[in-house]
Amino acid sequence: MKTKIWANLGVKKVEKSSAFYTKLGFEKNAGLESDELASFLFGADNFVIHFFKEDSLKKGMKGELADLSKGTEVIFTLSAETKEEVDEWAVKVKNAGGSVFSPPEEFQGMYGCAFADPDGHKFNILKWK
């Protein structure tokens, strides 16, 4: 069996999420854009993250979503090849409207930063030594 995995996240404004991830340079998942959904491909293997309008995702999940102002639901990690690339990500994220909550730094044998998108979904950018 060949299984594919993807993530579904809730957002307040689909168009704002779409603009944010487009500014960061991620490719849209062709044919899936709507008023209820923005879908993007991440990484070399095209990991899919769907950004659903919160009400639509809650209805489909038959339950509540995590309150990101109180904690983290998941943190995705994107790899970088150089320290300069990590630094560039931090600038791109700020310019696109995200927040860098952990600026570029060395830690645990890595160099990286961490950011949140406009809805509070968190990502690391890491360069392994």
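**Aromatic residues and the nonpolar core**

Let me begin with Phe20, which is buried in this predicted model, with a relative accessible area of 1%.

If we turn to the rings, the count comes to 14 aromatic pairs, and one of them joins Phe20 and Tyr21 in an edge-to-face arrangement, with 4.9 Å from centre to centre and 90 degrees between the planes. Both residues also belong to one aromatic cluster, whose members include Phe26, Phe40, Phe42, Phe47, Phe51 and Trp89.

Which residues does Tyr21 touch, once residues up to four places away in sequence are set aside? The contacts are Phe26, Phe40, Phe42, Phe51, Asp117 and Phe123.

That brings me to the largest nonpolar core, which holds 27 residues, and in which Tyr21, Leu24, Phe42 and Phe51 touch the most other members. Among the elements that give two or more residues to this core are helix H1 (14-23), strand S3 (37-42), strand S4 (47-53) and helix H3 (83-96), and H3 supplies the largest share, 5 residues. As general background, nonpolar side chains in soluble globular proteins tend to be buried together.

Two lysines deserve a mention as well: the charged end of Lys92 sits over the ring of Trp89, 4.7 Å from its centre, while Lys122 lies over the face of Phe101, at 5.9 Å from the ring centre.

Finally, an unreviewed UniProt entry lists residues 7-124 as "domain: Glyoxalase/fosfomycin resistance/dioxygenase", and over that range the chain is 27% helix and 37% strand, with the end C-alpha atoms 16 Å apart.

Conventions:
Residues numbered from 1 in each chain as written. Predicted model: local features only at pLDDT ≥ 70, side-chain atom pairs only at ≥ 80, totals over all residues. Heavy atoms only, no water. Phe/Tyr/Trp six-rings, centres within 6.5 Å; stacked < 30°, edge-to-face > 60°. Buried < 20%, exposed > 50% of the residue type's maximum accessible area, 1.4 Å probe, protein only. Lys NZ or Arg CZ within 6 Å of the ring centre and 35° of its normal. UniProt positions renumbered as here; feature names shortened; annotations may be inferred. Helix = DSSP H or I, 4+ residues; strand = E, 2+ residues; numbered from the N terminus. Core = buried A, V, L, I, M, F, W, Y, C linked by side-chain atoms within 4.5 Å. Contact = heavy atoms within 4.5 Å.
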